[in-house]
Amino acid sequence: MLTYQRREVDARVCAIVDRYGADPTYLLQILCEAQEYHGWISPGIIDILEARLNAPRAKIEAVAGFYSFLYTKPCGKYRLLFSDNITDRMLGNVDLFDRMTANFGLAPGHPELDALVSIGITSCTGMCDQGPAMLVNNRALPRLTKARIDQICDLVREQRPLGAWPAELFQVDDQIRRSDILLNDKFEPGEAIAAALALGGEGVLEQVKLSNLRGRGGAGFQTGLKWDLCRSAVGSAHYVVCNADEGEPGTFKDRVLLNSYADQVFEGMTLCAYVIGAKRGFLYLRGEYRYLLEPLNAVLERRRAQALLGTSIQGTPGFDFDIEIHLGAGAYVCGEESALIESLEGKRGTPRNRPPFPVTHGYLGQPTVVDNVETLLNTCLIVRMGGACYAGVGTPQSTGTKLLSISGDCARPGIFEYPFGVSVADVLADCGAGDVQAVQISGAAGVCIAQNEFGRTIGFEDIPTAGSFMVFNQGRDMFEVARNFTHFFAHESCGFCTPCRVGTALLGQMMDKLADGKGSLYDFEEIEQLNQHMFKLSHCGLGQSACNPVMETITKFRSAYERRLVQKSFVPAFDLDGSLAVARSLTGRDDAAAHFGKQDE
C-alpha cells in the first residue's frame, strides 16, 4: 500500500503532466518540475511518466540521464555545485570548496551527509564577473567568500528553506561598464511592433537586410537572410526560438539582457514572428539562469495584458503570436541550435546532422528561426532607427555594436559594449587590465591572443566572438588555463560520437599526465594526432574545437609546456605499481617481489 507521502508525490507529478497536456515534447520541463518538488527523479516518477505520456521508459531514463542537473539517484536536500570555470579558479574556488567540505566533515568521494547535502562542481555558471560562484538547488550564489561559505553551511545545517535565506546571498548585478547604441536605447514596450506594423512584413525584412545584421552567437550568419529563408520555407507552421543557453565559459551577456532588457528580447522575437508568419515562439533558458524564470514569465504576462502578445497583437487581425519559456538542465551542447531544438522537443540534446537546417526543418520538422538573445535585441533597434543608419555603425562587414563579457585579471569586470572594430588593446585599457599575458576570446573553443596580437580587432573580419573575453596576467600559467578548458570539454561532451566522447577524455588525461611530470615530446605528437582525428571525425563543433586551447597555447606559450617535459622518452601515465598498494596492504607484503618492476633491483 502506498504511503501518504508517495501518494502526495504521485498526485503532484500527475498534476504537472496534466498541466502540460501529457505532451511528450515537454518531457524535460516535466522532469525539471518534478525534481524541484521531489528532489530527484525516482523510479516511481518514471513509472508515472511512462504511463501518462505513453512514452518508452528507456527514452525517459535516457533524457533524465543526459542532463547534469537532473538526478536519477537520491541526493542531498541541498545540492551545492561550485562553478569550476577558469576564472572561478583564479578567484579561489578550490579553497572555498575545500572549506565547505571540511565544514561538513566530508571526505573526498563522500559527497553526501545524511541525505542533507550534496557537494560537487559544475561548469561555468555565467557569473564570471562576480565569482567565485555556486548553485544551490539551481539558484545562483555569486561573490563567495570564506565568511559566506560558513554562513551557507550554517543555513544548510538549520535546514532553512531557500526562500528564507538572506537575499544578499543571491544578489546578482548587471555590472554594465560601457554602453553604446544598444544598451543606451530608450525603449518603450510596443515601439518596435508599431514601427513594424507601419513598415509591413516585407519592409521589416528589408530593413534587417539593409542593416547587415549578423548573428551575435559567434557564427555571424546574416539575420535578414535567415529570416527570408525561413519565411519562404514550406511548412504547416513556422516557429521562432531565442537561444538563451549561453554556456561558453566566460560569457554572461545574455544574463544581463534577460534581466534588464527582456522587453526588447521578446519584442525582437515578435518582429521575427511577424516577418516569417510564426504563431508560436520559445525562449530556451539555460538551467544556470533558473532564477530568471519567474521574472521573465511576469514580463510575458504583462506583455499579453498590453496586447503585445497573444491574438490580434496591437489590434491587428491575424497577427497572433505567443512565447513560452523552456528551461534547460545543464547541458553545454544545447547551445548548438539543432541540439537545442532536440531538447525543446523533449529529447536528449544531441546535435543533428545538417543539412537540412532549422530554417527549413527545425522544431517538429517545421521551418524555424533560431536567434541569439543579443541578435533579437538588435532587431528592435534596427526597425526603429532604420537599417541604413544602423549599418553606419561598426565596420562594413561587422555592423552595429558587440557586447563583451569581460572577466579575469582586470579591475572592472562586467559588460562592455563597443562598435565593431575596437582593438583588443583598447578593451584592455578600458577594463583596467595591466601586465596582461593573454586574452581568451570567445570561450574555451575560441582563440587565445598573445601580447604581440593586442592590436587585432573584434569583428568578423578579424576576431569573431560570441562575447567571452577572459584576461590573464603574467602570473597565470597558460598550461593550467588550457587544462581547465580540456576538462570542460570532457565534462560537456554529449557522448553521441566516439571521436568526441573518447577524444575529449584522452585529451584531458594527456594534459593531466603533463601536469604530473610524466610528459615527453611523444605526448606533443599524440595531442597533434588526436586534434586531427577529432577535427575530421567529430559529429559537431564541440569535438572539432576541443583541442583548440591546447594547440593555441602550445604554439604561443610553449615554455609553459616545456617546463613540464621532464621525461626524455615516453613514460606511461598509469602507475601500475601504485595501483597495487591496496593489495600489498591487504596481504601484508612490501618486499621487492610485491612491487612491479623492482624484482631485479
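## Exercises on loops, salt bridges and a helix pair

Q159 sits in the loop between helix 7 (146-157) and strand 6 (176-178). Helices (H or I, at least four residues) and strands (E, at least two) are DSSP runs, numbered from the N terminus. This is a predicted model, where local features need pLDDT of at least 70, side-chain atom pairs count only at pLDDT 80 or more, and totals for chains, interfaces and linings use all residues. Residues are numbered from 1 along each chain as its sequence is written, and side-chain values use heavy atoms, with hydrogens and water left out.

**Exercise 1. Describe the backbone and exposure of Q159 and N138.**

Step 1. Take phi of Q159. It is near 55 degrees, a positive value in a residue other than glycine.

Step 2. Classify Q159. Its relative accessible area is 41%, so Q159 is partly exposed. The classes are buried (under 20% relative accessible area), exposed (over 50%) and partly exposed in between, with a 1.4 Å probe and protein chains only.

Step 3. Turn to N138. Its phi is positive too, about 70 degrees, and N138 is not a glycine. N138 lies in the loop between strand 4 (134-136) and strand 5 (139-141). With a relative accessible area of 16%, N138 is buried.

**Exercise 2. Characterise the loop between helix 13 and strand 10 around P355.**

Step 1. Check the peptide bonds. R354 and P355 are joined by a cis peptide bond, with omega about 0 degrees. The bond from P355 to P356 is cis, with omega near 0 degrees.

Step 2. P355 is in the loop between helix 13 and strand 10. P356 is in the loop between helix 13 and strand 10.

Step 3. Find the partner of R354. Its side chain meets that of E336 in a salt bridge (3.5 Å, N to O). R354 is in the loop between helix 13 (337-344) and strand 10 (368-372), while E336 is in the loop between strand 9 (322-327) and helix 13, 18 residues apart. A salt bridge is a side-chain nitrogen of Lys or Arg within 4 Å of a carboxyl oxygen of Asp or Glu. R354 is partly exposed, at 39% relative accessible area.

**Exercise 3. Which residues are linked with R483 in a network of salt bridges?**

Step 1. Start from the pair. R483 and D512 meet through their side chains in a salt bridge (2.7 Å, N to O). R483 belongs to helix 17 (residues 478-492) and D512 to helix 18 (residues 498-515), so the pair ties together parts 29 residues apart in sequence.

Step 2. The network links D477, E480, R483, D512, R563 and R564.

Step 3. D512 is partly exposed, at 21% relative accessible area.

Step 4. The whole structure holds 49 salt bridges.

**Exercise 4. Describe the packing of helix 17 and helix 21.**

Step 1. Get the geometry. Helix 17 and helix 21 (residues 548-556) pack at about 165 degrees, with axes 8 Å apart. Helix 17 is thus roughly antiparallel (angle over 145 degrees) to helix 21.

Step 2. List the contact (heavy atoms within 4.5 Å). Helix 17 gives M478, A482, F485, T486 and F489; helix 21 gives P549, V550 and T553.

Step 3. Sort these residues. Six are nonpolar, two polar and none charged.

How values were computed. Axes are lines fitted to C-alpha atoms, for helices over the stretch in contact, and angles run from 0 to 180 degrees between N-to-C directions. Angles under 35 degrees count as roughly parallel, over 145 as roughly antiparallel, 65 to 115 as roughly perpendicular and the rest as oblique. Ala, Val, Leu, Ile, Met, Phe, Trp, Tyr, Cys and Pro count as nonpolar, Asp, Glu, Lys and Arg as charged, and the others, Gly among them, as polar.
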